[in-house]
Amino acid sequence: MNKIRLIIEREYMTRVRRKSFLLTTLVVPLVIVAFYAIIIAVSISGDTKTQNLAVLDEGNLFEGAITAAGKDDKSTYTFIQNETEQSFKSKYKKEGYSLFLYIPAFKDGEIPHIKLHSQSAVNLFVKSALEKKINAAIERKRLVAAHIDPELYKNIKADVDIENAIDSGAGEKKSIAGVAYAISFIAGILIYMILLIYGTMVMRGVMEEKTNRIAEVIVSSAKPFQLMLGKIIGIGAVGLTQFAIWIVVMGVLQFIIPLLFPEIFSQLSDPAVTNAAAQSVNSQKIADIIEGIQSLPITLIIFSFLFYFLGGYLMYAALFAAIGSVVSEDQQEAQQLVFPVMMPLILGFVIMTKAINDPDSGLAVFGSLFPLTSPIVMMGRITYGVPWWQLGLSMVMLVLTFLFFTWVTAKIYRTGILLYGKKVTWKEMWKWLVRKG
Amino acid sequence: MQHILNVEHLKKYFATQKAVDDVSFSIEQGAIFGMLGPNGAGKTTLLRMITGIFFPDSGTITFEGKKFDPVNDIIRIGYMPEERGLYKKMKIGEQALYLARLKGLSKAEALEKIKFWFQRLEMESWWNKKVQDLSKGMSQKLQFVTTVLHEPALIILDEPFSGLDPVNANLIKDEIFRLAKNGSTIIFSTHRMEQVEEICDHIILINKGSKILDGTVKNVKQEFKENIFQVGFEVKPATIGSNSIFDVTGEKDQSLLLKIHDGYKPHDVLQYLLASQHEIVSFNEILPSLNDIFIRLVEGTPMARAFQSA
């Protein structure tokens, strides 16, 4: 036990102290947050607050209908006369307008092609706010033309929003399919990436020990099984550390960035912008998303994530360690052997993308029970609520498979790690496996 | 004297060959024991069984009077494999510390011993260097230190001098003698015969998985001697030729090499030579070198072993 602890410590410390570890650990959250910040910045960029809008309304239908939305909307809407689209297009900037809206005359009540001229791409919020105004004006005119009282119409109009209630376990819960979908997808991808990245890290570690010929020195001090387990656990701990740091750093960055770049976030809190945003995104939806997240079984999701991370990692790390132990220096040989291990991983990923759309299909249920794919696929189903027996069976099978693979790998590893310069065939590996002792 | 290691009827068969086939020997406490054999004779497999890396198919290993128990006994053994291995990217001090602690030393003990050995072999300045920055000879020295650091009762060195310059080879050789004098037993595996003659007390010769020779260096040489004597003369005689007592098998400068016939003794040769009135300045027996014995025994068998079907 003491030896395993020493080996874990070495595997962990040598990796954590590497410059590349520090770099990826710090750079990845920075990149993610920067990406996120750029998206926000781009989507709200442009002069949203005060637009000087020139409107050329050839049909004279919208005078008075397109105006500022409220007292927070400081944009001006100027209706111009005696101009054509072509003639004014080249002038509006010089005359002090930032945007030029061209509404051709209506022919037979049909809505013409409306154009918004600008110097650069128009902000989404501005565009949708304008569309909303024009739509409302047209609707109103049509209602009047049809002798319908607009107030009456407003009362008649329906706008339903279906709520999905899941009746399982502790009473009724609200669920928002979109939120469940996103969280499932992210969790599934994360598990897939973890298995792939840290699995291959284990493989490379074993190969390094083999090519450096240190393996023989170590196994004259510790059992091969201790060396293998120490490596797997050590690298797993590196992975957990990296995730913990990522979560902390991202949390801190989200807190710090608004302080560093207040202008971006002051725009977000600007009522004109949020109004526009709310009009297009529908403020009810944001509340729904928050409610949806709250309604998800968060504890269960986090527990399952950790369980499938550990179980899946231990299982795949054992397989990758076995491969590392049988290949000699040849990288190409390693790739050939890695392929059969990669297949179920990729298969799991594919089933997961199907499972998040149809979490109770036969394929999804199979994928979430079959141990080689279950860590990925079950994460894709977990947010939708999985019957307890399936979850339990899946976990038990995963643990049993992990134990079986560790036992198998230990046998291959013990022989493979001391074998140099010879290509190992599947048949030989099978012999090592069934051999006694 | 007490035997630190007893190996009896050890066998290890791999799928394609009999790597070790019924080998028995014993090693006395404090001896420097030479294990010789051509490439592929089965030395490494034998050593791996003694170090607990492989389990024998049959046969017993007795270590310090008890049945060999790999889990507990390997900390009493230091093994330097022929294929040297160190973590290339790990700092030298940390690496020595890690390997020593794996052998069961506490951190404080290990640090103290590392300090002692690093000072002794003038390696103190290496502490923060990485193995990949060391020359081959330097990493060889480091490997030796990590092998003997935990003061094992049995030290197994597989080709310890390969890659070392004469100065460092002598340094290591002196350390081996010192360790043996302090009570450690040393198994020294090699195919370099001149080193064996110089260092070892007792040797065995392994070929094709079987032991074909066992004895002290002195006894082995006696066993294989061919009764050849070198006689030095003041003036090289032209008249002495083969006769009933001896054959002249060669000459060198002022001396003749004589092979004494069965039934005669060196005394008879001297009497004959004295009677012939030639001035003799030296008379000594030429014993075969281990190299000659080795070649004679192994010759005729293919060096690289033919693979047998299982």
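**Close-up views of a two-chain predicted model**

**View 1. Domains of chain B.** Chain B is divided into domain 1 (3-222) and domain 2 (226-281), with bounds from an automatic or database domain assignment. The C-alpha centres of domain 1 of chain B and domain 2 of chain B lie 45 Å apart. This is a predicted model, in which local features need pLDDT of at least 70 and side-chain atom pairs count only at pLDDT 80 or more, whereas totals for chains, interfaces and linings use all residues. Residues are numbered from 1 along each chain as its sequence is written, and chains are lettered from A in the order in which they are written.

**View 2. The contact of chains A and B.** The contact (C-beta atoms, placed from the backbone, within 7 Å) takes 18 residues from chain A and 19 residues from chain B. On the side of chain A, H7(A) supplies the largest share, 6 residues. Helices here are DSSP runs of H or I with at least four residues, and strands are E runs of at least two, numbered from the N terminus.

**View 3. Helix H5 of chain B.** The 13 residues of H5(B) (residues 136-148) should span 18 Å at 1.5 Å a residue, and the end C-alpha atoms are 19 Å apart, which agrees; the expected span is 1.5 Å times one less than the number of residues. Among the buried residues of H5(B) are B:Leu142, B:Phe144 and B:Val145, where buried means that 20 or more other C-beta atoms, placed from the backbone, lie within 10 Å of the residue's own. Their cover includes strand E7 (154-158) and helix H6 (166-181) of chain B.

Notes
Contact = placed C-beta atoms within 7 Å. Buried ≥ 20, exposed ≤ 12 C-beta atoms within 10 Å, placed from the backbone.
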